[in-house]
Amino acid sequence: MPSQRKPMIDALANAMRAARTVTVLTGSGLSADSGVPTFRDAQEGLWARYRAEDLASPEAFERDPDTVWQWYRARRQQIAGVEPNAGHWALAALQDQLPDLRLVTQNVDGLHQRAGHRDVIEFHGNLLSNRCHRERRIVQVDDATDLPPPCPHCDGPVRPNVVWFGEAIPEEAIAAATTAARQSDLFVAVGTSAVVQPAAGLADLARGHGARVGEINPEETALSASVDFGIRARAAEVLPALVEALLGHYTPD
Ligand code: APR
């Protein structure tokens with residue numbers, strides 16, 4: 001840990017200690033440390049010739065369900081081969097140390113849950129579950145199939161439980177995330193470019209309700225100029241150091 005970073009991590013840990021409610025928003029940068037390819041990075045080989053909208057939109061699924069299903073099966077296989085990283089584990093440890101930690105994620109890979117995080121507010125759904133495209137309800141099906149299985153209730157096509165281009169963020173996720181942002185004394189954005197709405201607006205909402213704002217990201221983002229605690233480094237490096245600064249000790253399991 002470079003020495004100039006330590007005072008900022010200590011300051012963020014102090015703000016966390018003083019806060020009653022803390023909200024953390026995570027994005028694909030956190031999973032990057034686990035080796036999860038971004039949507040575009042995953043579009044290699046056969047998939048490179050598709051436009052993203054032809055793999056991830058309701059119109060694409062209605063036009064060509066088999067191709068869309070096979071793309072998501074490939075994404076699931078990629079994710080099955082990665083593990084939560086030190087950043088996911090550190091956030092899961094934090095939830096047992098802070099009185100009220102809310103976690104909002106834009107990631108669909110389920111790595112927070114695999115690290116033991118409970119009550120994750122998922123903005124873009126979860127790649128590891130499925131729902132009926134017709135009725136929207138979550139269904140339990142064997143998804144290791146070449147073609148989309150039928151819904152066990154209505155026989156309609158089953159799809160991955162993710163939010164596609166042109167689809168709305170689940171209402172309960174928006175409600176939980178905006179409540180969290182409003183109630184927070186501290187809001188920390190981790191590994192997100194903070195450009196995609198409405199996730200990007202959560203930091204502003206929190207600030208407008210009196211929260212201080214932190215950011216953990218090796219690159220500058222739209223948020224960087226206005227944050228109170230900016231830590232320009234990888235999440236898997238900073239988050240364990242933050243837990244250690246907060247507790248005085250931290251040994252990841
Ligand atoms: N640690 C922390 N941050 C990182 C790391 C890392 N190891 N590596 C990269 N980053 C940062 C990048 O600097 C960038 O700011 O993560 C951010 C990733 O930005 P995006 O790719 O825009 O991802 P995200 O903010 O999650 O995008 C939101 O847009 O593409 C859609 O649905 C997709 O959920 C995604 C949403």
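User: What covers the buried residues of H1?

Analyst: Two terms come first. Helices (H or I, at least four residues) and strands (E, at least two) are DSSP runs, numbered from the N terminus. Contact means heavy atoms within 4.5 Å. In this case the cover of the buried residues of H1 includes strand S1 (22-26), helix H6 (86-94) and strand S7 (186-190). It also includes strand S8 (212-216), strand S9 (229-231) and helix H10 (235-247).

User: What kind of model is this, and how are residues numbered?

Analyst: This is a predicted model, where local features need pLDDT of at least 70 and side-chain atom pairs count only at pLDDT 80 or more, while totals for chains, interfaces and linings use all residues. Residues are numbered from 1 along each chain as its sequence is written, and side-chain values use heavy atoms, with hydrogens and water left out.

User: Which residues of H1 are buried, and which are exposed on the other side?

Analyst: Buried means under 20% relative accessible area, exposed over 50%, partly exposed in between (1.4 Å probe, protein chains only). In H1 the buried residues are Ile9, Leu12, Ala13, Ala15 and Met16. They cover an arc of only 160° around the axis, so they are on the same side of H1. The arc is taken from the directions from the helix axis to the C-beta atoms. Pro7 and Ala18 are exposed on the other side of H1.

User: What span should the residues of H1 and H5 have?

Analyst: The expected span of a helix is 1.5 Å times one less than its number of residues. Helix H1 (residues 6-18) has 13 residues and should span 18 Å; its end C-alpha atoms are 18 Å apart, which agrees. H5 has 16 residues and should span 22 Å; its end C-alpha atoms are 22 Å apart, which agrees too.

User: Which residues of H5 are buried, and what covers them?

Analyst: The buried residues of H5 are Thr67, Val68, Trp69, Trp71, Tyr72, Arg75, Arg76 and Ile79. Their cover includes helix H3 (39-42), helix H4 (58-63), helix H7 (111-114), S4 and S6.

User: How many aromatic pairs are there, and how is a pair described?

Analyst: A pair of aromatic rings is described by the distance of the centres and the angle of the planes. Rings of Phe, Tyr and Trp (its six-membered ring) pair if their centres lie within 6.5 Å; planes under 30 degrees apart count as stacked, over 60 as edge-to-face and the rest as tilted. By this rule the count comes to 5 aromatic pairs. The rings of Trp47 and Tyr50 have centres 5.6 Å apart and planes at 40°, so the pair is tilted. Trp47 is buried, at 16% relative accessible area. Tyr50 is partly exposed, at 23%. The rings of Tyr72 and Trp164 have centres 6.1 Å apart and planes at 45°, so this pair is tilted. Tyr72 lies in helix H5 (residues 65-80) and Trp164 in the loop between S6 and helix H8 (171-183), so the pair ties together parts that are 92 residues apart in sequence. Tyr72 and Trp164 are both buried. Ring pairs link Trp47, Tyr50, Phe61, Trp71, Tyr72 and Trp164 into a cluster.

User: Which charges sit over rings?

Analyst: A charge sits over a ring if NZ of Lys or CZ of Arg is within 6 Å of the ring centre and within 35 degrees of the ring normal. The charged end of Arg76 sits over the ring of Trp69, 5.3 Å from its centre. Arg159 lies over the face of Trp164, 3.7 Å from the ring centre.

User: Which sense do the pairings of S4 take?

Analyst: Two strands pair if DSSP finds at least two bridges between them. Strand S4 (residues 125-132) pairs with S6 in the antiparallel sense over 5 bridges. Asn126 has Asn161 as its bridge partner in S6, and Gly125 has Val162. S4 also pairs with strand S5 (residues 138-139), again antiparallel, over 2 bridges. There Asn130 stands opposite Val139. The hairpin of S4 and S5 has 5 residues between the strands, and Arg136 in it takes a positive phi near 75°.

User: Are these strands covered or exposed, S4 and S6?

Analyst: S4 is mostly covered, with 6 of its 8 residues buried. Strand S6 (residues 158-162) is mostly covered as well, with 5 of its 5 residues buried.
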